[in-house]
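Hello,

Here is the structure I promised to pass on. Please have a look, then read my notes below.

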Amino acid sequence: MVSVEDIGSFPYPFGEHDVYRYSNNAIPLNPPIAIEVTESYIEEMNMKRELLKKHHERCYHSESHTMDAQWETLDLILHQLAEYYPENFKLITNDDHWIFTNLQTGEKQSFTFGDHETLDMEPLDFAGRHVQEDLILMMQRDGDLFLDAAQLCFPANWSLFFDAGMSFKEIHKPIPGFQSESLDDRILQFLMRIEAGNPWWRKNWSLMAGNRLDTSLETFAEWGQARKKVTNENVGEFVHLRVEVQKLFRLPKSNGILFTIHSHMIPLEKFIQHTPWLEQFSAILHELPEFIADYKGISMYCEVVLEYLEKELEKR
Amino acid sequence: MFSYMEGKRKFLFCMDSEGVRNLNFLVCQALNENVLFDFHIFQEESEESFVNNWFSKQKMGAYLYISGKEDFVKRIKDKAIMAGFTEHDMQSLINGPVNKKLICCTCHGVNEVSDQTHVVCVHCGQELEVSDHYSRRLDAYLGYVTIK
């Protein structure tokens, strides 16, 4: 289950300030690639497919009106896989007759683009089984965005089953402080102005006790207990920094927004090898307001982490 | 509590026998200010059958007040929304206990709760904290597991 990354390729989540608050920290995505294939590809594909097999209800949801947007998503994902990772993926399109080959998993699928009958699952579900990202489709109507379809295997403590169909603000209601100064409204307005051809991206972070990627709310009773097991002795290897790389693409035909989430994890002891990261993260965590630490699930072991970071700083 | 909405061309008052007293002051105010209104007290569920037709005949500017027991308010509200009313065109007030559905975050089982803050899921036995995270699709609130 260990899916940790090399420090060299880890997406460092913090900007120039030593203070963290909820904000719209999205920036233009250049180059405009929705997906990334890393060394843990096969391992994560196996995990995803196992979850989809055993728990399809919690990992996949779609409303019937999302079918056009789903095909647009499949189009975007398969083309990008073949274009940016040609050694691993092939795509042949002959009018509507498509053949997609995944050389890493040894799978080959031919289908008629736009014809639901020719794939044995929905297009979004199919596309999601070939990328490490979770794929979320937000559909725009009545001046609002709705979570109308998603394949979600690695949620950071939320439930697709429960949140499916909700508007942007309804989804984010449980986040304390997210409504202050109309932050929720400003981010919603920003998302609705995203244009096709100009994607955006942002990074989000949290700490977690353990290294599970599938931290669904449904299994919180299992993995949440680990928060009580953080000690001065194990903190460096046991506590992980979890970073979500989130990308936002407007789908030109259906006007939906494709939101891809790639979750990365690294144990603290590895993360802090790079001294400037240790220094900044220590400062941010020291200053972090209680309500954010609570929501991110850090409070129970935050003191142990802070002590550990301070000791490490003294050694440098 | 209800509030009086200024500037509406007509009020519709819908109540069961329990809900009457909540609406008295609004009816008086509508009379004083010469605003049109319709008034219906429903004694039995069978009397509600004409409501769909009644709602669909209303013109722009009609404003709806619903008062009564929980299941009554819910039924009338659903019919109003079907007829084209939105949440902005109505107010409702429930008399008596409010039962809500709570979905267990672990097993997705549905529990009935009223004013408890914690319940034990009748399906999987997890202790759940009742939250205000609400899904219109499921018409239910989310029950979270907490770490003790």
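This is a predicted model: local features need pLDDT of at least 70, side-chain atom pairs count only at pLDDT 80 or more; totals for chains, interfaces and linings use all residues.

**Interface of chains A and B**

On the chain B side, 19 residues are in contact with 23 residues of chain A. The buried area is about 1800 Å². Carbon and sulfur atoms give 61% of that area. Three residues stand out: H108(B), R137(B) and I147(B) supply 37% of the area that chain B buries against chain A, more than any other three residues.

Polar links are present too. Seven residue pairs are in polar contact between the two chains, both residues being at pLDDT 80 or more. The salt bridge count is two. One of them joins K173(A) to D132(B), with the closest N and O atoms 3.2 Å apart.

Which strands of chain B each supply at least two residues of the side that touches chain A? They are strand 8 (127-135) and strand 9 (140-145). Strand 9 makes the largest share, five residues. By type, this side of chain B has ten nonpolar, five polar and four charged residues.

**Second largest pocket**

This pocket holds about 770 Å³ of space. Its lining has 22 residues. Nearest the centre lie K77(B), E87(B), Y134(B), R136(B) and D139(B). Helix 3 (70-82), strand 4 (90-95) and strand 5 (100-104) of chain B each give two or more residues to the lining. Helix 3 gives the most, with six. The lining divides into ten charged, eight nonpolar and four polar residues.

Best wishes

Key:
Residues are numbered from 1 along each chain as its sequence is written. Chains are lettered from A and ligands numbered from 1 in the order in which they are written. Side-chain values use heavy atoms; hydrogens and water are left out. Contact means heavy atoms within 4.5 Å. Buried area is the accessible area (1.4 Å probe) that two parts lose on being put together, summed over both. A salt bridge is a side-chain nitrogen of Lys or Arg within 4 Å of a carboxyl oxygen of Asp or Glu. A polar contact is a pair of N or O atoms within 3.5 Å; within protein, one must be able to donate a hydrogen and the other to accept it, and residues adjacent in sequence count only if both atoms are side-chain atoms. Helices (H or I, at least four residues) and strands (E, at least two) are DSSP runs, numbered from the N terminus. Ala, Val, Leu, Ile, Met, Phe, Trp, Tyr, Cys and Pro count as nonpolar, Asp, Glu, Lys and Arg as charged, and the others, Gly among them, as polar. On a 1 Å grid over the protein atoms alone, a cavity is a set of points where a 1.4 Å probe fits but cannot get out, and a pocket is an open set with protein on both sides within 12 Å along at least five of seven lines; lining residues have an atom within 4 Å of a point. Grid points are joined across faces, edges and corners, and a volume is the space filled by probe spheres set on the points.
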